[in-house]
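Reader: I would like to learn how to read a sheet, a pair of copies and a single side chain in a model like this one. Could you take me through them in turn?

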Protein chains: 2
Amino acid sequence: MKVLVIGGDGYCGWATALYLSNRGYDVGILDSLVRRHWDNELCLDTLTPIAPIQQRLKRWKDLTGKTIDLFIGDITNYEFLDKTLNQFEPQAVVHFGEQRSAPFSMIDREHAVLTQVNNVVGTLNLLYIIKERFPDCHLVKLGTMGEYGTPNIDIEEGYITIEHNGRKDTLPYPKQPGSMYHLSKVHDSHNIHFACKIWGLRATDLNQGIVYGVLTEETGMDDLLINRLDYDGIFGTALNRFCIQAAVGHPLTVYGTGGQTRGLLDIRDTVRCVELAIATPANPGEFRVFNQFTEMFSVGDLATMVQNAGSALGIKVEVQNTDNPRIEKEEHYFNAKNTNLLDLGLQPHFLSDSLLDSLLNFTMKYKHRVDESQILPKVTWKR
Amino acid sequence: MKVLVIGGDGYCGWATALYLSNRGYDVGILDSLVRRHWDNELCLDTLTPIAPIQQRLKRWKDLTGKTIDLFIGDITNYEFLDKTLNQFEPQAVVHFGEQRSAPFSMIDREHAVLTQVNNVVGTLNLLYIIKERFPDCHLVKLGTMGEYGTPNIDIEEGYITIEHNGRKDTLPYPKQPGSMYHLSKVHDSHNIHFACKIWGLRATDLNQGIVYGVLTEETGMDDLLINRLDYDGIFGTALNRFCIQAAVGHPLTVYGTGGQTRGLLDIRDTVRCVELAIATPANPGEFRVFNQFTEMFSVGDLATMVQNAGSALGIKVEVQNTDNPRIEKEEHYFNAKNTNLLDLGLQPHFLSDSLLDSLLNFTMKYKHRVDESQILPKVTWKR
């Protein structure tokens, strides 16, 4: 099966492209490489030295004999996207190709507008081309658990059945996104849902939690295949960020009380979830929503776990509750469903001491690359 | 009070600007005039001969002694919008300045992208300038009842209290918009809600139904103040369109079975609702939602009413159920709440024989201007 991975040079995209290639899918990568450009603009760098995408793909070919086609360009450029899809003829498109950082989107108006226009227009272009030329192609789109916010009721997978004044309907789950970035994902969800309903397209929205870990079977094969690992205040996410902070002896930056609870998953489950979605496509006209996480933790719990894992390795780790740069509830109810992917056969890699141990050892190896001035958050949500 | 009406050259915007000016508000109009440009592009024209905005405003000054400031430019141009707001210093902004036609947004990909980018970016720019410079300014934003779609439960005003698995929360009402245009309004609602929550802005979202009628006290004062009245397949809306069809002896174009039920209101209530919203602003941090309609009718009912009103005037009116160019439910439950504006004192102009009689007579006066080739819908929702 031919699968185009948009954003295949990124953290989740790269791991997914290699995994699918390894599993026998005929994979293409479409990427504008703008994320590397943003790193340059903001003077950030991944902990790990990542090779240029062309070298990565050559190495993959040399190691495995498998070819991954590369299309460098921007999906907000309709002509480029149209040409690429017509050339590659995908049966499934996995769409990671969006600006994915909440703090990036909150830097200022320009970054908010960039994020929303980039994400919404790229996805609209994709929907129109799929409609026009590949109506049977399955769109697997990365959403986020952050679309739901933190409601005081259980979070279902995309839809909720509501009884109201003696009547009943199943409606899209109400969304309360917490940043200009998360809003862009909510906009995407509404647009894709509409396209499925009106044009009979097939789509799966993967509302992903916070991804942690760096090694997959494929990215661990060779140094040239190494994946990116972000620790900075813009692109770094909880747990990965904490491990790197622990490695360099920086206090773990828990925002506010740390009572924020989120869904998380191992990057080895990200790639598996995407494959499960591809292998059992949504039906024509179906906008299918999966909550893609395996466990729920509070940020404070994650910090404590890293602290304990550090102790076991003889590293003294301090936890520091810093002023929360975001505006969000720090103590709240959070109970999200995630049975759809389990029903398709997902066998989760639960967060374990051995994973934390391995991730800490991995980050120790590269800690000389850390720019400590990039650790603390500089972007705030406040007026 | 200083009120800036964005989109003040349009159908609802023009009537609102004059009404507020007449009621003693210090009014400014900001408009890019792009709607007149779109009419040119699509070779459409309003039934009524509308004067250039500059002549309209001069006539208003001559008649009433009241000055309305005019700012011609595009709110997606941040520098222009920033300069204008700093010069005018509004205490309230009424935002009609969006692409407002569902069929226009469904012409093709370009028009979908234009609609969503134009509407979302314009509103984002406005939110950022209000946050930076006028945090106390009240944003009164035109939404649409079409954001809700046609759920099988009662439609509340913006929020719904949901009991689920033994817990309870009040959440944004789920949205099921039916076109790329309606989607853009849903995106706006989420963006504005977030801005209120994070930055403490005040906003009122007026989810307006289908507006009918053309005369208000102010626009009826003089031929140079006449309002636009659209009858074409792109910008014409039910009831207004039917009256013009009746006037020229064209069968009334009921899409599908005509069982589609919608909220409607007289344009004299539109202007009053906006004033009610301005006069009692939302609180800081509040994203207030009003459903702005006064009555619910099915499209078929509206056609029958126009047919009967025509008979009374001796005009034979035929009703034709045409293929529905849209994809929408044609028979469905629809029961929407609209008590918020009534509670603020709205005294509705219910749809009456005398209004239909007056509207039919008005359209008869200008029927020589009708281009019959523009009556039927040419844009379809289908793949």
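Author: Let us begin with the sheet, for which one definition is needed: two strands pair if DSSP finds at least two bridges between them. Please keep in mind that this is a predicted model.

Reader: In what order do the three strands of the open sheet in chain A lie?

Author: The order is β9-β11-β13 in chain A, and the pairing is mixed. Because β9 (210-212) and β13 (295-298) of chain A each have a single partner strand, they stand at the edges, and one side of each is left without a neighbour in the sheet. From one strand to the next, the twist averages 45°.

Reader: In which sense do β11 and β13 of chain A pair?

Author: They run antiparallel, with four bridges between β11 (residues 261-266) and β13(A), and A:G263 is found opposite A:M296 of β13(A). Helix α10 (residues 299-312) of chain A packs on this sheet, where it touches β11 and β13 of chain A, and its direction makes about 90° with that of β13(A).

Reader: Is A:H193 buried or exposed?

Author: Buried means under 20% relative accessible area, and A:H193, at 17%, is therefore buried. This residue lies in helix α7 (residues 180-199) of chain A, and, leaving aside neighbours within four places in sequence, A:H193 is in contact with A:Y159, A:P172 and A:F287.

Methods: Residues are numbered from 1 along each chain as its sequence is written. Chains are lettered from A and ligands numbered from 1 in the order in which they are written. This is a predicted model: local features need pLDDT of at least 70, side-chain atom pairs count only at pLDDT 80 or more; totals for chains, interfaces and linings use all residues. Side-chain values use heavy atoms; hydrogens and water are left out. Helices (H or I, at least four residues) and strands (E, at least two) are DSSP runs, numbered from the N terminus. Buried means under 20% relative accessible area, exposed over 50%, partly exposed in between (1.4 Å probe, protein chains only). Contact means heavy atoms within 4.5 Å. Axes are lines fitted to C-alpha atoms, for helices over the stretch in contact, and angles run from 0 to 180 degrees between N-to-C directions.
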